[in-house]
Amino acid sequence: MTAWTEPAQGDPFGVHNLPLCATRDGWVGVRVGDLILNLGAAEEAGLLDAGGAFTRAATLNRFLAAGRPTWTRVRAQLTDLFTGPRPAGVFGGNAALLHPVDGTALALPFEVADYVDFYSSEHHANNLSRLFRPDSPSLLPNWKELPVGYHGRAGTVMVSGTDIPRPHGQRKTPDEERPSYGPSRRLDIEAELGFVVGAPSTGPIDVDDFREHVFGAVLVNDWSARDIQAWEYQPLGPFLGKSFATSISPWVVPLDALEPAKAAAPVQDPPVLDYLREAERYAYTIRFEVFWNGTLVAQPPYEGIYWTPAQQLAHLTANGAWARTGDLYASGTISGPTPEQTGSFIERTWNGAHPVRLDDGSTRSFLLDGDTVTISATAQCPGGPAEAAMVGFGEVRGTVVTRV
Ligand code: CA
């Protein structure tokens with residue numbers, strides 16, 4: 001498809017993607033190529049009809065709540081708008097409609113309701129078990145029966161570019177008798193894919209109704225203080241070692257854009273219980289890249305994930321828990337089988353035993369103040385047309401700063 005907005009051939013933000021965002025100026029938009037269309041202004045100008053969901057909206061929540069039929073209708077309208085004749089006045093005369101991506105400050109795209117983080121990469125779970133519990137079996141007995149997760153802190157989910165003050169907390173090494181309080185000495189990242197719930201529910205969501213409830217996906221960096229985590233996590237799981245900051249990318253990529261990137265998920269053995277059994281079992285082929293101060297240090301592959309987002313949503317509501325518009329749930333750290341495919345630095349450096357060398361000649365095991373981590377990702381759609389072969393997520397970035 002070609003468009004008057006003129007994304008380059010093969011642009012991962014071509015008309016086949018259409019990720020949504022919110023801006024710091026208080027309007028919501030859709031990206032095509034290097035431009036953002038102000039959706040509220042477009043709706044008021046009669047260029048599309050989302051039932052008023054975009055009009056004077058500062059976040060995507062109203063549109064997310066509208067549900068699948070509206071998402072499908074509006075996506076078709078946007079595709080027609082961008083591939084049809086250029087509407088009069090869209091440039092120049094009505095400058096409020098189109099904005100360059102560069103120079104538009106982006107905000108958290110939706111108000112986060114609840115935040116849940118899973119633990120669904122088998123390579124990651126195996127690695128963390130060996131690092132945290134070297135004398136125990138690598139996977140606990142529940143891991144292949146249910147998608148293990150924890151409730152995180154929605155209030156400190158922040159948009160890409162927000163600085164990360166180094167967390168403080170209780171730290172205790174095995175040879176210390178008592179903990180001390182102070183800045184984390186082992187600050188880490190976790191590269192993940194997050195799913196955004198649009199249509200709410202007041203009861204269990206069937207594993208095959210995933211697409212009716214989830215609008216799209218974002219990149220997640222679940223910043224983790226390993227020393228705080230190691231001391232606090234038993235018996236109730238992660239708490240202050242993770243709740244200080246969770247960064248997400250500003251673009252919400254619609255599931256519709258990811259359809260051509262669908263890939264079969266691993267066969268599950270033992271077979272899962274009925275409520276987790278999918279009619280069609282799939283994840284997506286998405287390649288992540290993790291940059292430490294600009295040096296590419298890892299390329300985690302999402303497609304090998306053991307528990308799919310459909311299973312995660314079914315499980316997190318299986319007890320009767322409600323799902324709300326704006327709920328965010330993340331995959332858990334994405335790691336492949338090799339060190340260069342791991343989505344956390346504790347795995348990448350094997351707890352500091354194998355530091356990574358950065359392009360400036362320095363080495364790192366955990367994050368230093370002033371370090372910047374950028375996680376980017378692209379969905380791969382080899383079966384489709386060349387101009388739609390990649391779907392971009394953009395990036396999630398954060399810089400660690402000294403807490404004052
Ligand atoms: Ca995590």
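These legends go with close-up views of a predicted model.

View 1. Take E192 and D222 as a pair: they link distant parts of the chain, 30 residues apart. E192 is in strand β13 (residues 191-197), while D222 sits in the loop between β14 (214-221) and β15 (224-225). Both E192 and D222 are buried.

**View 2. Five strands make an open sheet.** Going across, the order is β4-β3-β2-β1-β5, and the pairing is antiparallel. The edges belong to β4 (98-100) and β5 (106-107); each has a single partner strand, so one side of each has no neighbour in the sheet. Further in, β1 (residues 20-23) and β2 (residues 28-32) run antiparallel and are joined by three bridges. To find your way between these two strands, look for C21, whose bridge partner in β2 is G29.

**View 3. D11 is buried without a salt bridge.** This aspartate is found in the segment before β1. For D11, the nearest side chain of opposite charge is R31, 5.6 Å away, whereas a salt bridge needs the charged atoms within 4 Å. So what does D11 touch, leaving aside neighbours within four places in sequence? Its contacts are H16, G33, E387 and M390.

**View 4. W4 and F82 form a tilted aromatic pair.** This is one of 13 aromatic pairs found in a search of the whole structure. The W4 and F82 rings are 5.9 Å apart centre to centre, with 50° between the planes. W4 lies in the segment before β1 and F82 in helix α3 (residues 68-83), so the pair ties together parts 78 residues apart in sequence. Both W4 and F82 are buried.

View 5. Because F132 lies in helix α4 (residues 122-132) and Y233 in the loop between α6 (226-232) and β16 (246-248), the pair ties together parts that are 101 residues apart in sequence. F132 counts as partly exposed at 21% relative accessibility, while Y233, at 15%, counts as buried.

**View 6. Four aromatic residues form one cluster.** The members to pick out are F54, F63, W71 and F215.

Technical notes:
Residues are numbered from 1 along each chain as its sequence is written. This is a predicted model: local features need pLDDT of at least 70, side-chain atom pairs count only at pLDDT 80 or more; totals for chains, interfaces and linings use all residues. Side-chain values use heavy atoms; hydrogens and water are left out. Helices (H or I, at least four residues) and strands (E, at least two) are DSSP runs, numbered from the N terminus. Buried means under 20% relative accessible area, exposed over 50%, partly exposed in between (1.4 Å probe, protein chains only). Two strands pair if DSSP finds at least two bridges between them. Lys and Arg count as positive and Asp and Glu as negative; His and the chain ends are not counted. Contact means heavy atoms within 4.5 Å. Rings of Phe, Tyr and Trp (its six-membered ring) pair if their centres lie within 6.5 Å; planes under 30 degrees apart count as stacked, over 60 as edge-to-face and the rest as tilted.
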